[in-house]
Amino acid sequence: MPLTPKEVLDIAALARIGIGEAEAQAVQADLNNIFELIGQMRRVDTEGVEPMSHALDLTLRLREDKVSETDQRELFQSIAPQKEAGLYLVPKVIE
Amino acid sequence: MLNASLKDLSSSLAQKKISSLELTKLFLGRIAALNGKLNAFITVDEEKSLAQARVADGRIAKRASQPLTGIPVAHKDIFVARDWPTTCGSKILSNFIGPYDAHVIDRFNDAGAVSLGKTNMDEFAMGSSSESSFYGPVKNPWSTDCVPGGSSGGSAAAVAARMAPAATGTDTGGSIRQPAALSGVCGLKPTYGLVSRYGMIAFASSLDQGGPMAKSAEDLALLLNVMAGFDPRDSTSIERDAEDYARDLNKPLLGLRVGVPNEHFGKGLAPDVGKAVEAALAQLEKLGAKRIPVALPNSGLSVPAYYAIAPAEASSNLSRFDGARYGYRAKDYRDLADMYCRTRAEGFGAEVRRRILIGTYVLSHGYYDAYYLKAQKIRRLIANDFTEAFKRCDVVIGPTSPTVAFRIGAKTSDPVQMYLNDIYTIPANLAGLPAASIPCGFGAGGLPVGLHLVGNYFSEAKILNVAHQYQRETDWHAREPAGLKQ
C-alpha cells in the first residue's frame, strides 16, 4: 500500500523533521521503493516463530546502589547551544 | 615502515630503531600529503597525536609497553574522544567536542596507542559508500573515481593508502567488512557484545558492533586483543574471560570444514568477484580444508528485515539530536517544536532523514506487527539457518560484496540499489555472529575483491586463524594501491 505525500508529512511530523510539500513529494517515491523491498518479508510464513529482538540471550545486569559518576555539569554544558545559570535554554513552553 | 605489520612496528619501537614520535610524524606526513585527494580524515590534530607519541616513548623507555604502545591508530569519527571533535559524519554534530572517551578509545589509550585522528564515514554510519558524509565523499585509493565502501570508508581508505597502520570501524550491516573488501584491506566485526558500545554513537543498538581494520589478519588479532573486553557501561557487553585472539593464528587448516552457501553465489554476484572467491576457496582446499555445501535459505530476506529493524532502532536513537543540549541548533524558530523540526531538517542529511522516516513509520501504530515484529521473526529464521550450518562446518565463506567498488555517484539516486550492497554481510549482523573480510584478488578495473568469513559465536580466533593461514600463502593483502607514492 503506497504512501501518500500526506502520510509522508504525518510521519515527518512524528519524527520532528520539518519537511515541505516539495520534499514530501520527492521522498515519497524513495520511501515507496524501500517499503516494496521491506514488503518482500511477506513471502515467508513466520507463524509461530519467536521474534528475535536481540542477538544474545541477555538479562539486564543490576548494580549496587552506589554513586559511580561525578558531577560534570560544567563540562557537559560547555558544548550546549544556549545555557544560563547551569540550565539549558529552549524556547518558552508555558506562557 | 608504511607497510610494516603491527608486530614489526612494535619490535622496531622496542629495539629503538624508531621512536613513536618519528613513527607518528611519518604517518601524519602521509595524511597531510594524501588527505586532500582521498578525504579519509575529518579531523587531524598533530599536537594531540604528537603529545600521545611522547608519552608512549616514555613508556617504551621505561620498558612498560604493551603490544600496541607507540603505534598510531586512526579512529572512525563515530567514537567519542575527549577534547576531539566527534561528528559522526553529520552537520548536526559539526560543533561537538567529545566530553569523554568511548570505551574503545579508553582501551587504546590504556594500551599506549597514538590516535592519528578521526576518519570520515557515512553520516551516522548509514551508507555503503561513504558518500553521505557532511564532510564530502571519501575516495577509493585504488581508483579515486570510485567509492571506498562504507560506512567505515575513511578508515578503510586510510589503511589502504598507508595513512595509518590500523584503524577502528563499526559494523551494523557490513560497515567494516564491505569497505574493507572494496578498499583491499582486512576488517573484522566481532561477535555482538564483545566490544563495548559505550561512547560509540548509536545507530541500531541491537546490531552495532565496533571492530578493527588493518592490513592483515595478524594485525586484526592484536587490535582485537585491545578492543574486546567487558564494560559495565554497556548493558549488552558480554562478561567473558579475556582471550588472546592471536593464539590460533598458526594452526594448520587440515580438516577445516568450510561451508559454502549457494545462496551467496547466485544472481547478482558479479562474475569477476565470483572468480576471485572461487580461487580463494580452491586455495583453502589446497591447505587441507574441506568444502561443504551449506544452506542459508532465508539469507535473501536479510536486507528486507534489516531495513525494518535498523531504521526502527535508528529513529529512536537519533531522537536525542534535538538542538537542546549539544550539537547544531537551527538559527530561526518559532517555538520548541519548530526548533526541533528545523534543527533536525537542517542538521541531518537526506539518507539519515529517510531512515528516520522509515523507522518512525514501521514503529507507528498499526504497522508494528507487519514490519518490525515480522522482521524480528525473520531475524530468528536467519539466525537458525546459521545454527544449522555450523553443525556441519567451522566457518562459512563467500563473497563480502556482490561487486567491486562502484563509481562515485553511481548509486546515490537509488537507495534500494545502495542497500543491496550489504546482502552478504547483513545476515551476520542479524544473527550477531563474528565475520571478517580479507582481500582475495582483483576484479574489473584492477579493484580489490573481498573474501567473507563468518564464524560461530565467539570464534574470532578461528576466523583469524583461517585468514592468517590464507595470507601466509597469498599476497593479496600486502598489495598497495599504485599511484599514491609520495
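**Close-up views of a predicted two-chain model**

**View 1. Asn3(B) lies in the segment that precedes α1 (6-14) of chain B.** Helices (H or I, at least four residues) and strands (E, at least two) are DSSP runs, numbered from the N terminus. This is a predicted model, in which local features need pLDDT of at least 70 and side-chain atom pairs count only at pLDDT 80 or more, while totals for chains, interfaces and linings use all residues. Residues are numbered from 1 along each chain as its sequence is written, and chains are lettered from A and ligands numbered from 1 in the order in which they are written. Asn3(B) counts as exposed because it has 10 C-beta neighbours inside 10 Å; a residue is buried if 20 or more other C-beta atoms lie within 10 Å of its own, exposed if 12 or fewer, and partly exposed in between, with C-beta atoms placed from the backbone. Leaving aside residues up to four places away in sequence, Asn3(B) touches Arg162(B) and Glu480(B), where contact requires that the C-beta atoms, placed from the backbone, lie within 7 Å. From C-alpha to C-alpha, Asn3(B) and Gly229(B) are 29 Å apart in space, and 226 residues apart in sequence.

View 2. Most residues other than glycine have a negative phi, and most peptide bonds are trans.

**View 3. Strand β4 (residues 166-171) of chain B and its antiparallel partner, β6 (residues 209-214).** Six of the six residues of β4(B) are buried, and the strand is mostly covered. Ala166(B), Thr168(B) and Thr170(B) point one way from β4(B), whereas Ala167(B), Gly169(B) and Asp171(B) point the other way. Six bridges join β4(B) to β6(B), and strands pair if DSSP finds at least two bridges between them.

**View 4. The contact between chain A and chain B, with α12(B).** The contact takes 40 residues from chain A and 54 residues from chain B. On the chain B side, two or more residues each come from α9 (302-317), α10 (336-347), α11 (350-362), α12 (369-392) and α13 (415-419), and α12(B) gives the most, with 11 residues. The end C-alpha atoms of α12(B) are 34 Å apart, which agrees with the 34 Å that its 24 residues should span at 1.5 Å a residue, the expected span being 1.5 Å times one less than the number of residues. Among the buried residues of α12(B) are Tyr371(B), Ile378(B), Arg379(B), Ile382(B) and Phe386(B).

**View 5. Chain A, with three helices and two strands.** Along the sequence, chain A follows the pattern α-α-α-β-β. The C-alpha trace of chain A spans about 55 × 45 × 25 Å along its principal axes, and 17% of its 95 residues count as buried.

Note on methods: Two residues are in contact if their C-beta atoms, placed from the backbone, lie within 7 Å.
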